[in-house]
Structures are given as structure tokens and as C-alpha cells.
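Reader: Hey, can you walk me through this model? I'd like to start with the aromatics and then jump around a bit.

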Amino acid sequence: MPIILDHQLREQIPHSNSIFPITYFHDELSDLPNFAGPLHWHPDFEIATAEIGVLDYQVDRHHITLEAGDSIFVNGNILHGIKQVFGDIPDPMPNIVFSGVVIASENSAIYQKYILPISHCDSLPFIVFRHGNQCHYEVNRLINDTYSLLREQRGCYEMAVQRNLNSIFDYIFRHFDDLPKSEVTRIQITNHIRIQKMLSYIYEHYMESVTLEDIARSANISRSEAGRCFNAYMGCSPIESLIQYRLQIAHRLLNDKSTTLQEISYSCGFNSVNYFSRQFKKKYGYTPRQI
């Protein structure tokens, strides 16, 4: 069974039309400090493309390098995050997040036969479509055409998008046995759920006084086990991850010039403006007042 954590902190994608649940995103990296976002997850599928630069797409514990023209398909309920490897100009990184019901209703034979086997495959967290691979040419063309259709929204665009996604899933299903798979153990699934629970706790309580004990308790594990789990997925300790998330939230709030530095600091869980400023400069290379 797929890893599903049904709680309010799983990322909710506000599809503008619930009858046609697909959302097109563009230029998201430009709003993120250092062109990097936190790990997150959602029940929908995701497809993203590097346009001009090199991106590091983390999916679960895997780090995938996307060069310009490469696309990635991410399965539902899988931890993933993105950061731009280098460059002063943010990659536009067009991407879509969509439910399988865009292709067919959940009780249909098409959904049951062709969508569920993909969404329920723990060993297939992602698929990469390389721009230089001739076998991937048609899929990448369909992906880019889908971006254009959703951006322009001309007459009957929904049917064209549905046809494109249908063809993409047709490719995935027909090549399913040949696609690279990841070995998934019960321990890995358990750790995946643990990190989701702990990240959820951080994302909900970052503005409060949070201890390592609090984070570990949210997943019913010891502090040492919490540390091992965060190091494996995040490359840092739970408290370091908490501070990084607080700083990301603060960076966004600093765009509101009507809010004081002290108000932002306290609202993000920092009890000292000086400590907040030091941590901010340590991470971003400039002070909060220089934004």
C-alpha cells in the first residue's frame, strides 16, 4: 500500500476547479529564499521541468539532478523538495500538480486498471524524463504542451490536457516493468511516516517554543531516533530543521514592511531579535534589514 498520512498538515493544493483538479505553477522558485523550498508532500501527482538551469529535486531520500529540458514525475504522498543548484536567476520551473481523476473517475475501469497500479507502487516514487533521451522525447513534448494549454486556457483546453495526461500515463503503464524501481523495506516506510509526522509538527508549531523532545514525541520515538531520521532525510538535526523552517517563514514575512523585525522574530518562534538576526545572516549571508 502507498504511504498515506491523512492529517491537516499534508500540503493542500487549492485547485481552482475541483471538477478539473489540476493546477499549473510557474516561477515559484523566485519567491523562495536561495531558490529552495522545504520538503513537503501531497496526495496528488506532480510533474516539474527544469527550463534554464540545474535543479536538485529531492524525492524521499533520493537527490535527482535535473538539467535544462529534463522533467520529473513524482508519485503521490511522497516527500519531495526542490532547490536550484546555482545561478542568480531563478529557474521558471513550470510544474503541474493533479489528481488521477483528471484522467478518469475513481470507480472507472481505466482508473482501477491503469492509475492505481502506479499510485500504489511504493517502489516507484519518481520517474525522470531526460531531454537527451530519444525515448523520452514524446513524453517531454506532451508535458510542455500541457504547460502551454494550462497557461493559455483556450477553448477545449481541458480535453487537450486530459488527452496529454492520458498519453503520459499510457507510456508509464506500458513501460512500467522496465522503469527503474527503488527497493522499499518496512523500515524505510516506517521512517518515511515518522519524518512526515515530525515535519508536520514543526510546520504547525514553529511559532511556539519547541524542543527536541516535542518533535520526537510527535512520532512516538526517542530523541536519538528522531536525530537519525532527520539526518537521513534532511542532512541536519531536528532543531536545525526547525530553525531553517522558521527562517524561511521569516524571509517571506520580511516583504511586509508594515511589520517590525521584533514582531516577525517572535511570530516565527525566536525569542530574541539578535539571535534571529544572527541565524538569518548565517543562513542567507545578509541581515533581515537588508531585504
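Predicted model: local features only at pLDDT ≥ 70, side-chain atom pairs only at ≥ 80, totals over all residues.

Reader: Pick one for me. How do the rings of Tyr 114 and Phe 173 sit, and why is the pair called edge-to-face?

Author: Their centres are 4.7 Å apart and the planes are at 80°, so this pair is edge-to-face. An angle over 60 degrees is what that label needs.

Reader: And which parts does that pair tie together?

Author: Tyr 114 belongs to helix H1 (residues 109-119) and Phe 173 to helix H3 (residues 157-174), so the contact ties together parts that are 59 residues apart in sequence.

Reader: Are those two buried or partly exposed?

Author: Tyr 114 has 32% relative accessibility and counts as partly exposed. Phe 173 also counts as partly exposed, at 29%.

Reader: Ok, H3 then. How far does H3 reach?

Author: H3 has 18 residues and spans 26 Å from its first C-alpha to its last, close to the 26 Å expected at 1.5 Å a residue.

Reader: Which residues in H3 are buried?

Author: Tyr 157, Ala 160, Val 161, Asn 164, Leu 165, Ile 168, Phe 169, Tyr 171 and Ile 172.

Reader: Where is Phe 280 found, and is Phe 280 buried or exposed?

Author: Phe 280 is in helix H9 (residues 273-284). With a relative accessible area of 0%, Phe 280 is buried.

Reader: How far apart are the C-alpha atoms of Phe 280 and Ile 168?

Author: They are separated by 42 Å, and the two residues are 112 apart along the chain.

Reader: What about charges over rings? Where does Arg 246 lie?

Author: Arg 246 lies over the face of Phe 270, at 5.8 Å from the ring centre. Phe 270 is one of the residues in that ring cluster. Elsewhere, Arg 61 lies over the face of Tyr 233, at 5.8 Å from the ring centre.

Reader: Switching to strands. What's the order in the open sheet of 3 strands?

Author: The order is E4-E3-E6, with antiparallel pairing. Strand E4 (62-66) and strand E6 (80-84) are the edge strands, each pairing on one side only. From one strand to the next the twist averages 20°.

Reader: How many bridges join E3 to E4?

Author: 5 bridges, with strand E3 (residues 55-59) and E4 running antiparallel. As an example, Tyr 57 has Ile 64 in E4 as its bridge partner.

Reader: How many residues of strand E2 are buried?

Author: In strand E2 (residues 45-49), 5 of its 5 residues are buried.

Reader: Which residues point to which side?

Author: Phe 45, Ile 47 and Thr 49 are on one side, with Glu 46 and Ala 48 on the other, and both faces are covered. In a regular strand the side chains alternate between the two faces of the sheet.

Reader: Which strands does E2 pair with?

Author: E2 pairs with strand E7 (residues 95-98) in the antiparallel sense over 4 bridges, and 4 bridges also join E2 to strand E5 (residues 71-74), again antiparallel. Ala 48 has Asn 95 in E7 as its bridge partner, while Glu 46 has Val 74 in E5.

Reader: New topic: how many disulfides are there?

Author: 0, from a search of the whole structure.

Reader: Last one: which residues have a positive phi without being glycine?

Author: Asp 27 is one, with phi near 65°, and Phe 35 is another, at about 55°. Asp 27 sits in the loop between strand E1 (22-25) and E2, and Phe 35 is in the loop between E1 and E2 as well.

Reader: And how covered are they: buried or partly exposed?

Author: Asp 27 counts as partly exposed at 35% relative accessibility, whereas Phe 35 counts as buried at 17%.

How values were computed:
Residues numbered from 1 in each chain as written. Heavy atoms only, no water. Phe/Tyr/Trp six-rings, centres within 6.5 Å; stacked < 30°, edge-to-face > 60°. Helix = DSSP H or I, 4+ residues; strand = E, 2+ residues; numbered from the N terminus. Buried < 20%, exposed > 50% of the residue type's maximum accessible area, 1.4 Å probe, protein only. Lys NZ or Arg CZ within 6 Å of the ring centre and 35° of its normal. Expected span 1.5 Å × (residues − 1). Pairing = 2+ DSSP bridges. Axes fitted to C-alpha atoms, helices over the stretch in contact; angles between N-to-C directions. Disulfide = S-S within 2.5 Å.
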